[in-house]
Amino acid sequence: MAPAIDPQLYHHQGLQHGFENMGLGENTTANAAMNAYDFTVGASVNPYAQTGVDMFYQPQQTYQHPLNYHLYAPLAPYPQKLQPFQKNIHGFFLPDNLREELQKKADATLQTLPAISSILPPSIEEYHQLVPLDISNQKSAQVFGYPSWAYKAFSSEDGNAYALRRLEGFRLSNEADIRIVQRWRKVLSANIVTIHDAWTTTKFGDSSIVFVYDYHPLSKTLAETHFGPNPRYPNPTRQHQPTGPIVPEQVLWSYIVQIASALRVIHSAGLAARVIEPSKILLTNKMRIRLNCCGIFDVIHPETTRSQESVRECQQEDLIQLGRLMLSIAFNTPSAIQYPQKSMEYIGRHYSIQLRDSIYYLYTGSTKNIDEYVKSIANQAFQNFDSALHYEDSLESALSRELENGRLVRLLCKFGFINERPEYDHDPRWSETGDRYYLKLFRDYVFHSVDESNNPVVDMAHVLTCLNKLDAGVDEKIMLVSRDSMNCFVVTYKEARPQQVQTMKFDLLLATYLRSFMVPSC
């Protein structure tokens, strides 16, 4: 799910036209507010209206709010061939690309729109601060049969961000039809966007149904990734007969294994996905994909879930749709399903026999159930699992760096609570005398050192080394000098570590104090 919308990109007229098409332009109060407040949101034209790309998430290239990513960016000249005992400053922190990605996702999650009355409902059920994730001036009912819109919103119950999928103009004929969402809530898979709730509403000025899903910032659909204006694997010819393999085979197998894993969970629960198409599959992180919008068809077409025979037919259709999806991605064009024979010939020339046969059995409906298909690709599933474990190792290694940094930040927080508290000069528990005085001088020794020319010493290695030794309470001796240079103390790190820093009561107090700032406001 891509970042929320930058309110300074386009003129408000484009947004007003978009809201009119979303069924919100008939409200004269909303139009007056739009004219009185000149701002814009998102894109004035839906770039995916003609390609069928799902607008559930905005693309990454629309991101307009860079943070201070340069704070730890490495600068030339770069050290070469470091010894095992050597490390540069960047080795203490997350890799730059991973840190930047996480910061962008956090920024995208927290972005909101200016408060303008009557344009969008201020709240729907427990969700508030709605941000439209798809501003288009063309209604599309290609997938569900109803115009579909997506919003990001925050829950007043837990403060988390969720994605709301709205189907415009839908009327629920039987209240029992929506109860199937409760069955979908129990379907938990790493390759499915989890659904949480669904209800009908008239707060948009029409009869609509809203589905609540997890919000995945900066995600892209497979349609955008492979068939969009800036595809991940561009085809120079863009013809029906490309000259060479464009999409690597390991990428295709990764998609197949993950989707098959999701279908296995869904089918074992007695349900069918029914959304196996590029515009409804999200690439949430590197090679991680998730099925999106599951459960919607079961609500708007409940007759397909009322008999086991209908469910089995839908499950069989899931496998056929998976074959069509992989045929299109392998051929690198969505029109590949219109030329199945040529597409299969191309796959046979450029990919392995196992991949060709696997896609063929899916596409022709020869595979009867998902369990049978999973057995046939077991070797590829193990390879995909091995790659996932390697990626997990790299993330764990990066996390271990921040684990140490978090411990030192916690120690610095204690410094901030104890040092420079003049209001407690006569309190023996807080006064800067005795072992507390050592802590004050230690702070100066770590952060306020100067060289022989009286220039500040800015050495991160010195800071980290001293803090680690203090936290461990080692017996190494250091010399602490008072600010007036009249007093000098030779103490160990263990002696400089006052009892107040070590007490469990203080640790619990600090944890409670910091946690109070993390509780989201409603």
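How much of the accessible surface of the chain belongs to carbon and sulfur atoms?

## Surface and overall make-up

The accessible surface of this predicted model comes to about 27,100 Å², and 53% of that area belongs to carbon and sulfur atoms (Shrake-Rupley method, 1.4 Å probe). Of the 522 residues in the chain, 46% count as buried (under 20% relative accessible area, 1.4 Å probe, protein chains only).

The chain has 17 helices and 11 strands, taken as DSSP runs (H or I, at least four residues, for helices; E, at least two, for strands). Among contacts (heavy atoms within 4.5 Å) between residues at least 6 apart in sequence, 68% join residues at least 24 apart.

Leaving aside residues up to four places away in sequence, F211 touches A163, L164, R165, L167, V181, I195, D197, A198, G295, I296 and V299.

## Annotated coiled-coil region

An unreviewed UniProt entry places a "coiled-coil region" at residues 379-417; such annotations may be inferred rather than shown by experiment. Over residues 379-417 the model is 100% helix and 0% strand, with the end C-alpha atoms 57 Å apart.

## Basis of the values

Residues are numbered from 1 along each chain as its sequence is written, and side-chain values use heavy atoms, with hydrogens and water left out. Because the model is predicted, local features need pLDDT of at least 70 and side-chain atom pairs count only at pLDDT 80 or more, whereas totals for chains, interfaces and linings use all residues.

Methods
Buried means under 20% relative accessible area, exposed over 50%, partly exposed in between (1.4 Å probe, protein chains only).
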